[in-house]
Amino acid sequence: MDDDEVARTSRVQVEGVDRKLARVRDVSAYGGGLNHYFHRVFITYPGPWKFQQENRKKLVESGLQC
């Protein structure tokens, strides 16, 4: 994977996690679906985290802060 592809993949993964976090933020604490989204956020995080750890050098070289 070249540096541009690593940066692009990382950004796509982070945006996906951000979308899931936004759903958790938007769900009312008194609503019925909070547990579903809350659980999915924790399922989603390991993928981007592992990718960033494995490609940290390329990400830092491309100017992204890890």
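Modeller: Here are the fold, the confidence, the surface and the charge pairing, in that order.

Biologist: What does the secondary structure of the chain come to?
Modeller: This is a predicted model, and its chain has four helices and zero strands. From the N terminus on, the order is α-α-α-α.

Biologist: Where is confidence lowest, and where is it highest?
Modeller: Helix α2, residues 34-44, is lowest with a mean pLDDT of 72. Helix α3, residues 46-54, is highest at 90. Across the chain the average is 80, and 79% of the residues score at least 70.

Biologist: And what about coordinates where pLDDT is low?
Modeller: They should not be read in detail.

Biologist: Change of topic. How many of the residues count as buried?
Modeller: The share is 20% of the 66 residues. The chain exposes about 5,100 Å², with 53% of that area coming from carbon and sulfur atoms.

Biologist: Which share of the contacts with a separation of 6 or more is between residues 24 or more positions apart?
Modeller: Those pairs make up 60% of such contacts in the chain.

Biologist: How many salt bridges does a search of the whole structure find?
Modeller: One. It joins the side chains of Glu-54 and Lys-50, at 4.0 Å from N to O.

Biologist: How are Glu-54 and Lys-50 placed in helix α3?
Modeller: They are four residues apart there, so about one helical turn separates them. Side chains of opposite charge can pair when their charged atoms come close.

Biologist: Is Glu-54 buried or exposed?
Modeller: Glu-54 is exposed, at a relative accessible area of 55%.

Methods: Residues numbered from 1 in each chain as written. Heavy atoms only, no water. pLDDT = per-residue confidence, 0-100. Helix = DSSP H or I, 4+ residues; strand = E, 2+ residues; numbered from the N terminus. Buried < 20%, exposed > 50% of the residue type's maximum accessible area, 1.4 Å probe, protein only. Contact = heavy atoms within 4.5 Å. Areas by Shrake-Rupley, 256 points an atom, 1.4 Å probe, with all protein chains shown as cover.
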